[in-house]
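Work through the exercises below with the sequence and the coordinates open. Each task is followed by a solution in steps.

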Amino acid sequence: MEKITNVEFYKHNVGTLELKLIEKVLRSLFLTTGSYVDELEEALRIYLNAKYVVGLTSCTAALHLACIAAGVKTDSEVITTPMSFVATANSIIMAGGIPVFVDVEKDTGNIDADLIERAITKKTRAIMPVHLYGQMVDMKKILSIAKKHKLAVIEDAAHALEAQRDGINPGQRSFGACFSFYATKSITSAEGGAFSTNIKEAAKLVKKLRSHGITSELAQRIRTGLTTYDVDVLGWKYNMDNIQAALLIPQVKRIEKHLKARERIAQIYRKGFSEVRIDMPREYKNSKHGRHIFPIWVNPKKRDKILEYINNHGVGAVINYPSIHLFSYYRQRFGYKEGAFPNAERIAEREISLPLYPKLKNNEIDYVVEVVSKAIKV
Ligand SMILES: Cc1ncc(COP(=O)(O)O)c(C=O)c1O
């Protein structure tokens, strides 16, 4: 068998169907938001079992518009987690709000729902949980807190397109869920995102806000014969285009097949790493894991050396994530210091993410297990 020396961190699954559909778009008149975006929104709507889906240019855009649509204004507080990609908290600030962090569960990295209530003030407008690595937070608990205090819940579901918990999909019970089609996500258009919701007004407003707040987009005007439009609210320029949609449409059909492939790899990793006593996040019961990221948690004093060893042996591995509250901007603007969120900080010091995608071959999976098992002994 071929000797493996190199395993990429990620490989996308774009193939001939996507190329054919993109060619069709490029040979057509209409490159921007139009019928292909409608088709993608419908495919995602069915997959997510949601009433509405809006196609956008990124998950950051979805989070930003969801905040505005949910009524986040200057100085509104939004409770969220420091253990995420910085886009989560940035989107709150982009809407004029203030991210208020609470710590995470030490054995999963997800926001600790038991800490949310004590962070609520008169200024709180929303809760923004993140389904970290692909495991959904306890939505039942968070939704009941939100209901009691009349808050909106905006789900950062960038890792959780495929996830479910207690039979609930992202976006089904909250104000809405935000998805990413960034280059390393399970379906990708290089950059792209979507908002899903069961609330008609939320979907309508997000759709209007994606195109400068205009009352009808060009494709709609052509379809209906409208000649002009009004702008009755300030919007942004976040509309997904037909080329992005054409890249994504064939991938939607393969979501479950590819999840199954990642699940198999995750099980091989979990078995291999538990044999050498590597810590990994606890996995919830009553839960369907989205398997977006495969994290291991190692000795924080040796983490950087271990990562270096893994990378030097040809295995792509990265850190997800440095804790947001300790970035210079957040320290300077909000006065956060070390020790504020010990569980998030500990995960940030210990985490390493490993390759997890359907194209991984068996000998590559075995090689990752072998290299990582040796790396922890450095
Ligand atoms: C948890 C989380 N939230 C938000 C984002 C932002 O997504 P996008 O790059 O589509 O704006 C990401 C991207 O990787 C993410 O991982």
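**Exercise 1. Domains**

Task: State into which domains the protein is divided, and how far apart the C-alpha centres of domain 1 and domain 2 lie.

Solution. The protein is divided into domain 1, residues 16-252, and domain 2, residues 256-375; these bounds come from an automatic or database domain assignment. Residues are numbered from 1 along each chain as its sequence is written. The model is predicted: local features need pLDDT of at least 70, side-chain atom pairs count only at pLDDT 80 or more, and totals for chains, interfaces and linings use all residues. The C-alpha centres of domain 1 and domain 2 are 25 Å apart. The contact between them takes 28 residues from domain 1 and 26 residues from domain 2, where two residues are in contact if their C-beta atoms, placed from the backbone, lie within 7 Å. On the side of domain 1 that touches domain 2, twelve residues are nonpolar, nine polar and seven charged. In this classification Ala, Val, Leu, Ile, Met, Phe, Trp, Tyr, Cys and Pro count as nonpolar, Asp, Glu, Lys and Arg as charged, and the others, Gly among them, as polar.

**Exercise 2. Helix H2**

Solution. 
- Step 1. Helices (H or I, at least four residues) and strands (E, at least two) are DSSP runs, numbered from the N terminus. The expected span of a helix is 1.5 Å times one less than its number of residues.
- Step 2. A residue is buried if 20 or more other C-beta atoms lie within 10 Å of its own, exposed if 12 or fewer, and partly exposed in between, with C-beta atoms placed from the backbone.
- Step 3. Asparagine 49 follows H2 and has a positive phi, near 55°.

**Exercise 3. Helix H13**

Task: Repeat the analysis for helix H13 (residues 362-375).

Solution. 
- Step 1. H13 has 14 residues and reaches 20 Å from its first C-alpha to its last, close to the 20 Å expected.
- Step 2. The buried residues of H13 are Ile365, Tyr367, Val368, Val371, Val372 and Ala375. Their arc around the axis is only 160°, which puts them on the same side of H13.
- Step 3. Asn362 and Asn363 are exposed, on the face of H13 turned away from its buried side.
- Step 4. Among the elements covering the buried residues of H13 are helix H9 (255-275), strand S10 (294-297), helix H10 (303-312) and strand S11 (351-354).

**Exercise 4. The ligand shell**

Task: Describe the residues that surround the ligand.

Solution. The shell holds 14 residues, of which the closest are Ser58, Cys59, Thr60, Ala158 and Ser180; a residue is near a molecule if its C-beta atom, placed from the backbone, lies within 6 Å of it. By class the shell has six nonpolar, seven polar and one charged residues. Helix H3 (59-69) and helix H4 (87-94) each supply at least two residues of the shell.

**Exercise 5. Backbone exceptions**

Task: Find where lysine 150 and histidine 212 lie, and give the phi of each.

Solution. 
- Step 1. Lysine 150 lies in the loop between helix H5 (139-149) and strand S5 (152-156). Lysine 150 is not a glycine, yet its phi is positive, about 55°. With 8 C-beta neighbours inside 10 Å, lysine 150 counts as exposed.
- Step 2. Histidine 212 is in the loop between helix H6 (200-209) and helix H7 (218-224), with a positive phi near 60°. Histidine 212 has 16 other C-beta atoms within 10 Å, so it is partly exposed.
- Step 3. A further item is the cis peptide bond from asparagine 320 to tyrosine 321, with omega near 10°. Tyrosine 321 is in the loop between H10 and helix H11 (328-334).

Terms used
The arc is that of the directions from the helix axis to the C-beta atoms.
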